[in-house]
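Student: Could we go through the backbone of this model together? I would like to look at a few residues one at a time.

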Amino acid sequence: MNARSARRAAAAVAAATALVSLSACGDSDPAPVANGRVSVAGVEIAKDQALHDMLPERIRKAGKVRVATDVPYPPFEMYVKEGETALTGLDYDLGQALGGKLGVAFAFAPQKFDGIVPAIQAGRFDAAMSAMTDNKERQQVVDFVDYSQSGSGILVGDGNPSGIGTLDDLCGRKVAVQAATNQLDLLKSHQDACAKAGRGKIDVQTFPKDSDAQLALRSGKVVAQVLTKPAAGWVAKTADAGKAFDLVEDPAAPGGYRASPNGIAISKQLPELTDAVQKALQALIDDGTLTKIYDKYGVASIAVKTATKNAAVD
């Protein structure tokens, strides 16, 4: 099961809070600035002519990169308002920042997730930004520029009343998780470590939906919920204006437990685009813009330190 499909159920839960929260975010829909720069997450980004010159001639002439994305999937891709087509989200903001640096538009268009890679192969899109896991199977047909490490995270009540800091702190305690997910597998696999530490097994409470698990956490029936870290960060930031939950940050697992890279998928027919995007991403890392974009969505810790290519861990 790839990371995107494993996290799919979290999207419906976070979507409601996402739509409410975004109405208060002035920079959720980056707009061009008069001097030709773009503004993303409060940062003005100027075109780098050297990077622009690296782009394939077709893209330079068109003035845009055609980007596929599967919406909604908070916090990576969302609609600004329900029923409308304007987009926002971490991937969208990052796309606008990369476009600003490269001097072209990143034109996003919705596409069902399982059809994204075939659509790139067919030439309908140049790239995809859709929280896609970089794995070796996909690398056979697309190249990846990796921009985040995404694994499982721990959501706790506001103020972290039980003092949860790591997976080990869940031993001997009641913990909520959605059924049939990678996060349930993670908790099951950690039971031996709990037993060896003499702390008792995790009392795993499974729920059909993440929203049910969060209700159990709100009511104090469990001390924590384990879900994907991006979803956990977004829920912590948006639920009750950030006053309902906290995200646990384990320094030993900044991207989350069992993290794997998410990448910008790019057509193998456009190697110059891959190289240009990788260098543009590194520039955004070096000047701190990437961290600001991720922090806007409550997940600064999953941002990469170096823009890598095809860094699959499978």
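Predicted model: local features only at pLDDT ≥ 70, side-chain atom pairs only at ≥ 80, totals over all residues.

Student: Where does Asn310 lie, and what is its phi?

Tutor: Look past strand 14, which covers 303-309. Asn310 lies in the segment after that strand. Its phi is positive although the residue is not glycine, with a value near 50°.

Student: Is Ala131 buried or exposed, and what is its phi?

Tutor: Find the loop between strand 7 (127-128) and helix 7 (136-139), where Ala131 sits. The cut-off for buried is under 20%, and Ala131 has 0% relative accessibility, so Ala131 counts as buried. Ala131 is another residue other than glycine with a positive phi, near 50°.

Student: Which residue does a cis peptide bond join to Val71?

Tutor: Go to the loop between strand 3 (64-69) and strand 4 (78-79). The cis bond there has an omega of about 0°. The residue joined to Val71 is Pro72.

Student: What is omega for the peptide bond from Pro74 to Pro75, and where is Pro75 found?

Tutor: Pro75 is found in the loop between strand 3 and strand 4. Pro72 has its place in that loop too. The peptide bond from Pro74 to Pro75 is cis, and its omega is near 0°.

Methods
Residues numbered from 1 in each chain as written. Heavy atoms only, no water. Helix = DSSP H or I, 4+ residues; strand = E, 2+ residues; numbered from the N terminus. Buried < 20%, exposed > 50% of the residue type's maximum accessible area, 1.4 Å probe, protein only.
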